[in-house]
Amino acid sequence: MSRPRHPKPAIERAVQYAEQLGWSVEMSSGHAWGHVPCPFSSRDGCIIGVWSTPGNPENHARHIRKKIDSCPHRSETEDEQEECDES
Amino acid sequence: MKKKINQPCEPEHDFALIVGGVDKLTPPIEDALFDAGCDDATLSIQYGLLYMEFSRCATSLEDAIISAINDVRKADIGAEVLRVDECNLVTASEIARRIGRSRELVRQYRTGQRGPGGFPPPECHLTDHAPLWAWCAVSYWLVQNDLLRPEVGWNAEVVEAINNFLEGERQRQRHPGLVDEIKRGLQPN
C-alpha cells in the first residue's frame, strides 16, 4: 500500500473496501484526509470526501461504504457492459 | 441543538442534504463546512451537486435537519441547500419498502381487502400504470390505523414541510411575484 493509512481503523477499513472495488484514493489537506473518486467512466465528477477527524469515525465509515454501494455509475457501467456483450 | 461527540448523545438522526452551488470538493470548501459544524456529515459530489450524508445527534429530526441547514449557511461558501433527500411522491413498491411489508399487502390496503379501508388515493400519474402517492398522506393513514409508529409519520411531515419551505424560497427568488399573483387569483378555501 503506497498511501498513508487513515488513523481511524473503521475509516481505514472503509477506504480499503473502496480500493478493493477499484476506487482510487487521493490525499488531500486541511480537515479532509483524502478523496475517493468513483472509478467508472461515466462518473460525472462523482467523488467521496474522507475526513481526518470526523465527529464520529464509525458513522463516517458507514456513510463511505453506503456511498460506494449506492454509486449510480456502477449499475450504469454494468448496463453498458451488458449491452456491449449482447451486440 | 447539535451536541459534540464527547457529550452525551441525544437520539441520532440519519438524513442527507442535497446542496447546489458546489460541484467540487476542495480544501477551502471542506474546511469551511467542517468548521461550521458539519463534521458529522460525509461529503460527496454526485451529478454536479454536493451531497451531505448526516448522522446528527439532536432531540428531534426537525432540530437535526434545521441545525444542519444552518451550519451549511454559516459556512458561507456560496452553497444553497436545495432539499432533504427524501421524496414525498412514492410508488406502491416504495410504500411497501418504507413500511417493510410486501407489495401485495399494500395492494390489499389500497383495495380494502385488508385494513380498515379508506387508503389515500394516489396523488398524480393517475393515467399511468404506476401512479404516485404522497408519502405524508399514506403515513398519516397508517399511523391513524396503528400500522406505523407515530414518529415515522411525524418525521415524514417534517421533511416535507422543510422541503416545501426550501422550494418556496427558491421559487420566490426565481419569480418573486408569482405566489402573490396566484393568491390573488384563487378564491379563499
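This is a predicted model: local features need pLDDT of at least 70, side-chain atom pairs count only at pLDDT 80 or more; totals for chains, interfaces and linings use all residues.
Local features require pLDDT of at least 70 and side-chain atom pairs count only at pLDDT 80 or more, while totals for chains, interfaces and linings use all residues. Side-chain values use heavy atoms, with hydrogens and water left out; residues are numbered from 1 along each chain as its sequence is written, and chains are lettered from A in the order in which they are written.

Chain B contains seven helices and six strands; helices (H or I, at least four residues) and strands (E, at least two) are DSSP runs numbered from the N terminus. The order of the elements in chain B, from the N terminus on, is β-α-β-β-α-β-β-α-α-β-α-α-α. Along the principal axes, the C-alpha atoms of chain B fill a box of roughly 55 × 45 × 30 Å.

The size of an interface is often given as the accessible area lost when the parts come together. Chains B and A bury about 2100 Å² between them, with 50% of it on carbon and sulfur atoms; buried area is the accessible area (1.4 Å probe) that two parts lose on being put together, summed over both. The contact (heavy atoms within 4.5 Å) takes 24 residues from chain B and 27 residues from chain A. Two salt bridges are found across the interface, a salt bridge being a side-chain nitrogen of Lys or Arg within 4 Å of a carboxyl oxygen of Asp or Glu. Lys66(A) forms a salt bridge with Glu53(B), with the closest N and O atoms 2.5 Å apart.

On the side of chain B that touches chain A, two or more residues come from each of E1, helix H1 (27-35), strand E2 (41-46) and E3 of chain B. E2(B) gives the most to this side, with six residues.

The largest pocket has a volume of about 900 Å³. A pocket is an open set of points on a 1 Å grid over the protein atoms alone, with protein on both sides within 12 Å along at least five of seven lines; a cavity is a set where a 1.4 Å probe fits but cannot get out, and lining residues have an atom within 4 Å of a point. Grid points are joined across faces, edges and corners, and a volume is the space filled by probe spheres set on the points. Of the 35 residues lining the largest pocket, Asp14(B), Phe15(B), Ala16(B), Asp85(B) and Glu86(B) lie nearest its centre. E1(B) gives the most to this lining, with six residues.

Two cavities of 30 Å³ or more are counted, and the second largest cavity holds about 40 Å³ of space. Its lining includes Trp51(A), His60(A), Asp39(B) and Thr42(B). The largest share of that lining, three residues, comes from H2(A).
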